[in-house]
Amino acid sequence: LRNIKQNFNKYNDALLSWIGGAFTSYDDNNSTYIDEGYNKNPIVYSVVSQRASKLSSVPFNVKKIKDKNEKSKRDRLISSTKWNLTPQQEVKRLIYESKAFDEEYIGLPLDRPNPFQTWKEFKELYETFLALTGNVYIYLLSPENGSMAGEPIAWYLLPSHYTEIVLKDDVSMLGLDSPVDHYVITQGNQYIEFKENEVVHIKYANPNFNLN
């Protein structure tokens, strides 16, 4: 069998060579967008706040997947219709979901994402960062040792406008390894580093690869 790690990854070669440098090229105006474009602009503030509030009011539940194939059918149906289903398609969706997921809902692993926020507040801030900067960085606090090692005990939203991605010094062009070494928050003279596996990065699609 061929070892996939020995395959030269042309995507990494092209994209990372073009970006270059220890830090990815990112939009350093994010702080200005938030301070001037959001905090001091009543129209933008109102629109983003209403959007975040609406999202946080949407209930969400967790179910265990029991049939990935049926889930794929359901996902393709929703994607192709953009949730604008006809009555017949809605029946199909319900059939797919009945086969794809267990009937019982799974409770959220945490009552609160962290000691400072409720899930509603977390979702509001999540949507605010995504709308304003196009990026969300979630820090998963996990014990390093013991029976709970590696299992998140708290979720924190990092300030997207102060968070940067640091690439590996010797980014491998082989295989599918992540080129991200770690994340940092720089604010004034403070510098805080987060390991790559401690952060979940969610972003809007952007054809300009050199922008976050």
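Let's start with helix H3, residues 42-57. It has 16 residues and reaches 22 Å from its first C-alpha to its last, close to the 22 Å expected at 1.5 Å a residue. Keep in mind that this is a predicted model.

Which residues of H3 are buried? Val48, Ala52 and Ser56. Look down the helix axis: the buried residues fall within an arc of 70 degrees, so they line one face of H3. An α-helix has 3.6 residues a turn, so residues three or four places apart point the same way.

Now turn to the other side of H3. Pro42, Ile43, Val47, Gln50, Lys54 and Ser57 are exposed there. The N-terminal end of H3 has a cap, asparagine 41. One of its side-chain oxygens lies 3.0 Å from the backbone nitrogen of isoleucine 43.

Next, the salt bridges. The whole structure has nine. I'll take a few of them.

In the first, aspartate 75 pairs with lysine 71, and the closest N and O atoms are 2.6 Å apart. These two sit four residues apart in helix H4, residues 68-81, so about one helical turn separates them. Aspartate 75 is partly exposed, at 28% relative accessibility. Lysine 71 is partly exposed too, at 23%.

Then we have glutamate 97 and arginine 74. Their side chains meet in a salt bridge, 2.9 Å from N to O. Glutamate 97 belongs to helix H5, residues 87-100, and arginine 74 to helix H4, so the pair ties together parts 23 residues apart in sequence. Buried or exposed? Glutamate 97 has a relative accessible area of 18%, so it counts as buried. Arginine 74 has 19%, so it is buried as well.

Glutamate 97 has another partner, arginine 93, in a salt bridge of 2.8 Å, N to O. Both of these residues lie in H5, four residues apart, about one turn of the helix. Now put the pieces together. Salt bridges with shared partners join Lys71, Arg74, Asp75, Glu90, Arg93 and Glu97 into one network.

Last, the sheet. How many strands form it? Three, in the order E5-E6-E7, as an open sheet with antiparallel pairing. Strands E5 (163-167) and E7 (190-195) stand at the edges. Each has a single partner strand, so one side of each is left without a neighbour in the sheet. From one strand to the next, the twist averages 30 degrees. E5 and strand E6, residues 180-187, run antiparallel and are joined by five bridges. Within E6, valine 184 stands opposite glutamate 164.

Conventions: Residues numbered from 1 in each chain as written. Predicted model: local features only at pLDDT ≥ 70, side-chain atom pairs only at ≥ 80, totals over all residues. Heavy atoms only, no water. Expected span 1.5 Å × (residues − 1). Buried < 20%, exposed > 50% of the residue type's maximum accessible area, 1.4 Å probe, protein only. Arc of directions from axis to C-beta. Polar contact = N/O pair within 3.5 Å; in protein donor to acceptor, adjacent residues only side chain to side chain. Pairing = 2+ DSSP bridges. Axes fitted to C-alpha atoms, helices over the stretch in contact; angles between N-to-C directions. Salt bridge = Lys/Arg side-chain N within 4 Å of Asp/Glu carboxyl O.
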